[in-house]
Amino acid sequence: MPDQSSASHDVPSEAWAGVHRGPLREGEWVRLTDQKGRRHNFELVAGKRFFSNKGHLEHDELIGREEGFTVTSSAGGEYLVFRPLLSEFVVSMPRGAAVIYPKDAAQIVAMADIFPGARVVEAGAGSGALTCSLLRAVGPHGTVTSYERRPEFAEVAQRNVTQFFGGDHPSWDLRLGDLTEELPQLEHRVDRVILDMLAPWECVDVVADALLPGGIVCVYVATTTQLSRVVETLRAHGGFTEPQPWESLVRDWHVEGLAVRPGHKMIGHTAFLVTARRMAPGERPPMKKRRPAPGAYGPDYSGPRPEGLPPQMLEEPLDS
Ligand SMILES: C[S@@+](CC[C@H](N)C(=O)[O-])C[C@H]1O[C@@H](n2cnc3c(N)ncnc32)[C@H](O)[C@@H]1O
């Protein structure tokens, strides 16, 4: 087997992966999982002790070993030792605002087509969870400009992202302020804008101005009322393709001998996602050929209305 242990086999630091190969070293974070599946994350410090309800163990017992081993504490507790994955880090890191979970971050990276070298804007930065996925995807040759209007959340995001990448990621620019006021000052136009905030519809005009033709806006919203409002605002703007809304459901499975069945626990709902592409300046998408849903935009509807709706959609629904 080739020698994997030397430092030269580490992931190149200029890749800004937030990952190391090779022996665990001082200053890195590790994740210990006990026999009941409880997790403990901590930074390795030479000479320090980790304490649990099963006694203690020395950090020095972990430093210098290849991850993926079991260690036994002073009172006989067994712990699995690995470096935390990004998907594990973001659900265990300190939070200011609620984070985007890995299942949705993965959808955003794939469906908003975040690519190496991309120029991306996100708001709000919140706790920095999505920021880590975006930075991983754009790499050192892209940019992620994150806007956050609450200083205390920006601080949490700064700490989390810096901890994950082990330093100040060169592609990251965290700006304090409201997106609607600050985005028009951005020095360049961008390929992608990701919105995770209470009122994303308020940002549609500035996002449209910031996006390059063909660029993608991707919005993450928790409720159906937010979903409706943001989709209708994007449609009514006229400079985007037909918005595509969806949600993703992930179900884990129990597989043990003859007992092969869906897991009992499932995250029922996190949020909805919507994407739309920016048209070139002055261009409009073709008028949508829709089967009219009578009354869909009738007198009870109070949001923005797209142009050119068939009259049946504007009338009182028949069964009202
Ligand atoms: C749910 S959190 C974002 C969480 C983040 N995506 C993550 O994964 O950690 C929403 C954040 O948006 C911020 N926010 C809301 N409206 C904003 C705006 N117009 N401009 C900038 N930040 C905004 C809030 O202060 C909050 O921190």
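This is a predicted model: local features need pLDDT of at least 70, side-chain atom pairs count only at pLDDT 80 or more; totals for chains, interfaces and linings use all residues.
The protein is divided into two parts, domain 1 spanning residues 7-84 and domain 2 spanning residues 88-283. Taken over C-alpha atoms, the centres of domain 1 and domain 2 are separated by 31 Å. To the contact between them, domain 1 contributes eight residues and domain 2 contributes eleven residues. On the side of domain 1 that touches domain 2, three residues are nonpolar, two are polar and three are charged.

An open sheet is formed by seven strands, which follow one another in the order E9-E8-E7-E10-E11-E15-E12 with mixed pairing. Strands E9 and E12, the latter comprising residues 244-246, are the edge strands, each of them pairing on one side only. When direction is ignored, neighbouring strands of this sheet are turned against each other by 15° on average. In general, the strands of a sheet pair through backbone hydrogen bonds, in either a parallel or an antiparallel manner. Strand E7 and strand E10 (residues 190-195) provide an instance of the parallel arrangement, being joined by four bridges; within this pair of strands, Val 120 has Arg 192 of E10 as its bridge partner.

Helix H2, made up of residues 102-111, lies across E10, strand E11 (211-221) and strand E15 (272-277), and runs at about 10° to E15. Helix H3 packs on the sheet as well, where it touches E7, strand E8 (143-148), E9 and E10, and the direction of H3 makes about 165° with that of E8.

An unreviewed UniProt entry places the feature "binding site" at Ser 127, Gly 128, Ala 129, Leu 130, Glu 148, Asp 178 and Asp 196. Two of these positions may be considered in their structural setting. Ser 127 is located in the loop that connects strand E7 (119-123) with helix H3 (129-138), and it counts as buried because 24 C-beta neighbours are found inside 10 Å, the threshold for this class being 20 or more. When neighbours within four places in sequence are left aside, the contacts of Ser 127 are Met 93, Arg 95, Gly 96, Ala 97, Val 99, Phe 153, Val 156, Ala 157 and Asn 160. Asp 178, in turn, is situated in the loop between strand E9 (172-176) and helix H5 (179-182). With 16 other C-beta atoms within 10 Å, Asp 178 is partly exposed, whereas Ser 127 is buried.

Terms used. Residues are numbered from 1 along each chain as its sequence is written. Domain bounds come from an automatic or database domain assignment. Two residues are in contact if their C-beta atoms, placed from the backbone, lie within 7 Å. Ala, Val, Leu, Ile, Met, Phe, Trp, Tyr, Cys and Pro count as nonpolar, Asp, Glu, Lys and Arg as charged, and the others, Gly among them, as polar. UniProt positions are given in the numbering used here, feature names are shortened, and annotations may be inferred rather than shown by experiment. Helices (H or I, at least four residues) and strands (E, at least two) are DSSP runs, numbered from the N terminus. A residue is buried if 20 or more other C-beta atoms lie within 10 Å of its own, exposed if 12 or fewer, and partly exposed in between; C-beta atoms are placed from the backbone. Two strands pair if DSSP finds at least two bridges between them. Axes are lines fitted to C-alpha atoms, for helices over the stretch in contact, and angles run from 0 to 180 degrees between N-to-C directions.
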